[in-house]
Amino acid sequence: MDLVLTGKVALVTGSSRGIGRGIALALAAEGCDVMLTGRDEKALNDVVAAVGKLGRTARYEMHDLRETDAPAALVAAAKRAFGRIDILVNNAGTTKRGDFLELTDADWADGFALKFFAHVRLARAAWPSLVESKGSLVTIGGTSGRMPIAAFTIGSSVNAAGAAFAKALADRGKTDGVQVNTIHPSHVETERLWRRIKLDMDRSGKDEAAVRREHLDHLGITRFGTPEDLGGLVAFMVSPRGRWLHGATIDMDGGEVKGL
């Protein structure tokens with residue numbers, strides 16, 4: 001299936017590893033050039049090389065997107081490098097887990113700074129370019145925005161807020177010609193998931209296979225997701241074949257979310 005993305009330019013945040021890396025490589029495989037960002041220069045260079053092997057061009061900028069001016073600087077760098085932006089994937093952002101009564105105001109501010117306000121500022125900075133190209137914006141949230149839990153009060157709140165922002169922005173997108181959607185992934189095979197599995201292995205004394213099985217049984221799913229799963233959905237979504245998806249929030253979770 002030709003997704004007709006050859007020659008498009010994508011800006012993918014948090015793209016040095018994990019889900020962001022998977023999305024960047026999936027878009028490159030479909031013919032996109034990619035602007036990357038993250039805080040690990042070696043990892044970013046590895047992604048640049050991987051994109052090059054796919055026959056496309058990648059550049060990167062290292063920014064702390066919690067800083068007020070960083071999102072606009074990143075968008076400006078993408079336009080200098082490639083002359084346009086057709087696709088913005090707001091993926092960067094992690095939030096602290098823990099007991100609500102022990103989480104500080106600083107923990108909450110940090111979570112919203114990276115995974116909400118950075119997304120707002122990136123969308124604002126990139127919007128004129130997306131209007132010009134009739135492009136697409138995708139927000140990567142998380143299923144905790146659908147199913148808030150006590151151990152993840154910050155992440156649950158941030159993901160719900162991000163999806164609401166994207167839904168509101170999609171309403172403007174109908175007028176401006178910009179497609180806007182949200183994807184809520186669940187547990188994906190990343191370093192972050194491995195750290196949680198390793199922690200449970202250390203606590204319980206059980207081997208990796210047993211801990212993985214317990215996690216899957218608890219979630220009610222048959223396997224964890226992969227960055228490639230997310231990359232494939234994003235590539236379809238932003239292509240002409242997925243264009244009628246607009247203002248949608250899609251759970252990509254292996255069936256974990258039980259509600260409609």
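How many bridges join strand β4 to strand β5? Select residues 87-90 for β4 and residues 136-140 for β5: four bridges join them, and the two strands run parallel. Keep in mind that this is a predicted model. Now pick Leu88; its bridge partner in β5 is Leu137.

**The sheet**

Seven strands make it up, in the order β3-β2-β1-β4-β5-β6-β7. The sheet is open, and the pairing is parallel. Go to the edges next. There you find β3 (58-62) and β7 (249-252). Each has a single partner strand, so one side of each is left without a neighbour in the sheet.

Select residues 18-29. This is helix α1, and it packs on the sheet. Helix α1 touches β1 (9-12), β2 (33-38), β4, β5 and β6 (179-185). The direction of α1 makes about 175 degrees with that of β1.

Move on to helix α4. It lies across β4, β5 and β6. Compare α4 with β4: the helix runs at about 175 degrees to that strand.

**Along α4**

Stay with α4 and select residues 105-133. How far apart are its end C-alpha atoms? They are 40 Å apart. At 1.5 Å a residue, the 29 residues should span 42 Å, so the two values agree. Zoom in on Trp127, where α4 bends by about 50 degrees. A proline, Pro128, follows within four residues. Step past the end of the helix to Lys134: its phi is positive, near 55 degrees.

**Where α3 meets α4**

The crossing is right-handed. Show the side chains of the contact. From α3 come Pro71, Ala72, Leu74, Val75 and Lys79. From α4 come Ala118, Arg121, Leu122, Ala125, Ala126 and Ser129. Colour these residues by type: eight are nonpolar, one is polar and two are charged.

**Helix α5**

Next, select residues 153-176, helix α5. Its 24 residues should span 34 Å at 1.5 Å a residue. The end C-alpha atoms are 34 Å apart, which agrees. Just after α5 sits Gly177, with a positive phi of about 80 degrees.

**Last stop: Arg212**

Which helix holds Arg212? It is α7, residues 208-219. Which residues is Arg212 in contact with, leaving aside its neighbours within four places in sequence? They are Glu189, Ile197 and Phe224. Finally, select Lys198, 14 residues from Arg212 along the chain; the C-alpha atoms of the two are separated by 9.8 Å.

Definitions and conventions: Residues are numbered from 1 along each chain as its sequence is written. This is a predicted model: local features need pLDDT of at least 70, side-chain atom pairs count only at pLDDT 80 or more; totals for chains, interfaces and linings use all residues. Side-chain values use heavy atoms; hydrogens and water are left out. The expected span of a helix is 1.5 Å times one less than its number of residues. The bend at a residue is the angle between axes fitted to the seven residues ending there and the seven starting there. Two strands pair if DSSP finds at least two bridges between them. Contact means heavy atoms within 4.5 Å. Axes are lines fitted to C-alpha atoms, for helices over the stretch in contact, and angles run from 0 to 180 degrees between N-to-C directions. A crossing is left-handed if the near helix is turned anticlockwise from the far one by less than a right angle, and right-handed if clockwise. Ala, Val, Leu, Ile, Met, Phe, Trp, Tyr, Cys and Pro count as nonpolar, Asp, Glu, Lys and Arg as charged, and the others, Gly among them, as polar.
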